[in-house]
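Please read it alongside the coordinates.

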Amino acid sequence: MQNKLYIKDKKLNTSILIKKNHISNFIINIAKKNEKVFCILDSKININLNISRQKNIKIISVKCGERLKTFDRYKNLTEKLIRSDVNRKSVLVAIGGGTLGDLVGFVASTVLRGLDFFLIPTTLLSQVDSSIGGKNGINTPYGKNLIGTFYQPKDVLIDISILNSLPKREIRSGYAEIVKHALIKDYSFFCWLEKNADRLLNLNKYILEEAIYRSIMIKLFYVRKDEKEFLLNKNSRAMLNFGHTIGHALESHYNYKKLNHGEAISIGMVTEAKISNYLGLLSSNELERIITHFQKCKLKIFDNIIKEKLLIEKLVKDKKNFLDKINFSLIDKIGSSIFYKKLDKNNIYKILQYINV
Ligand SMILES: NC(=O)c1ccc[n+]([C@@H]2O[C@H](COP(=O)([O-])OP(=O)(O)OC[C@H]3O[C@@H](n4cnc5c(N)ncnc54)[C@H](O)[C@@H]3O)[C@@H](O)[C@H]2O)c1
Ligand SMILES: [Zn+2]
């Protein structure tokens, strides 16, 4: 990989720069071009931002994690911006993981009817997935991401040097989204991951940058084809939800405490792969191969709640479902996904009873 990589997407009017040790310069460049810059920073990130020369930057530090994505925290941040005289020429920069990016994107799209914003994702998960594609949102007690908008960031900076402080558990969480991209779209990427997962999880920079780049390109493929998730075919953006129907229900059931996003969707992917196998879509050999890879990488594959009726009730609350019918994005092969429409909730409950640990 070269020392920097620039992906400009004219259709989405967004650009992605992959470059190491570049965070301060990126922010300074934004400050030179804009009247006022509000940097919203994850308080856990210990970074020496060399930006004191720019007097038009204000830093707001916030505690991150899934509990950031609530009405209360949305209210706090928007009111703080308004008290700090935010205006139409102000821009927001989110420096943090997916929870911060999701909240700041929503704030940017609503405050003063829309401000430009920039993303500097600091977790592996946000670098390979959540910072790409313009979805944002907050959670409600009824389910995850039920309130939000589609709103593209202007520029995204992916700087892998920030990942050095990230706990192993969060690296694995991000890896889950990388495997998801391979499973839904790219068989050769999955084979590559089987060979390189160890080095990737140990943050080998060459392997990491290649995996991030390949993941971003898969995500962009779906976002370009179907930005607002209208399609109901193989090119639908909904394919990116593989593992998420079950995963979101698990996160919501545990009130966003026991499992992080990557852990929930890991269990979700294995469970949905088993459903696919039960429906005769995915072969048993391929299912075994997926489970073996997940186990080797220490990704979670099962949770007891999967067999409980209350999980089904959570599934019905998913945005994609109505009238007790549940839509799934499933895989029919490693590297190939399909839209599986309207499985009845009682039917799913029955299938889930057959699923083994
Ligand atoms: N918008 C989308 O398209 C999209 C896609 C996938 C996931 N998501 C959302 O992303 C969220 C998960 O994102 P996440 O996994 O980044 O979670 P996160 O933002 O909660 O970050 C995980 C933890 O790592 C800490 N952290 C962040 N950067 C760090 C660093 N460099 N060093 C040390 N600690 C650091 C955070 O404070 C937090 O405790 C979920 O809410 C999920 O729904 C959104
Ligand atoms: Zn996800």
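In this predicted model, the side chain of Lys-69 places an N or O atom 2.8 Å from an oxygen atom of ligand 1. Nitrogen atoms of the ligand also take part in such pairs: one lies 2.9 Å from an N or O atom in the side chain of Asp-102, and a 2.8 Å distance separates a ligand nitrogen from an N or O atom in the side chain of Thr-122. Ligand 1 taken alone exposes 870 Å², of which the protein buries 92%.

**Shell around ligand 1**

- The ligand is surrounded by 26 residues, and the closest are Asp-42, Lys-44, Gly-98, Thr-99 and Thr-123.
- By residue class, the shell comprises 11 charged, 10 polar and five nonpolar residues.
- At least two shell residues come from each of helix H3 (98-110), helix H4 (124-130), strand S8 (143-147) and helix H5 (168-185).

**Domain arrangement**

- The domain assignment divides the chain into domain 1, spanning 4-165, and domain 2, spanning 173-354.
- Ligand 1 lies between the two domains, because domain 1 and domain 2 both give residues to its shell.
- Contacts between the domains involve 34 residues of domain 1 and 37 residues of domain 2.

**Cysteines**

- With a cut-off of 2.5 Å between cysteine sulfur atoms, the disulfide count is zero.

Note on methods:
Residues are numbered from 1 along each chain as its sequence is written. Chains are lettered from A and ligands numbered from 1 in the order in which they are written. This is a predicted model: local features need pLDDT of at least 70, side-chain atom pairs count only at pLDDT 80 or more; totals for chains, interfaces and linings use all residues. Side-chain values use heavy atoms; hydrogens and water are left out. A residue is near a molecule or strand if one of its heavy atoms lies within 4 Å of it. A polar contact is a pair of N or O atoms within 3.5 Å; within protein, one must be able to donate a hydrogen and the other to accept it, and residues adjacent in sequence count only if both atoms are side-chain atoms. Accessible areas come from the Shrake-Rupley method with a 1.4 Å probe; for residues, only the protein chains shown count as cover. Helices (H or I, at least four residues) and strands (E, at least two) are DSSP runs, numbered from the N terminus. Ala, Val, Leu, Ile, Met, Phe, Trp, Tyr, Cys and Pro count as nonpolar, Asp, Glu, Lys and Arg as charged, and the others, Gly among them, as polar. Domain bounds come from an automatic or database domain assignment. Contact means heavy atoms within 4.5 Å.
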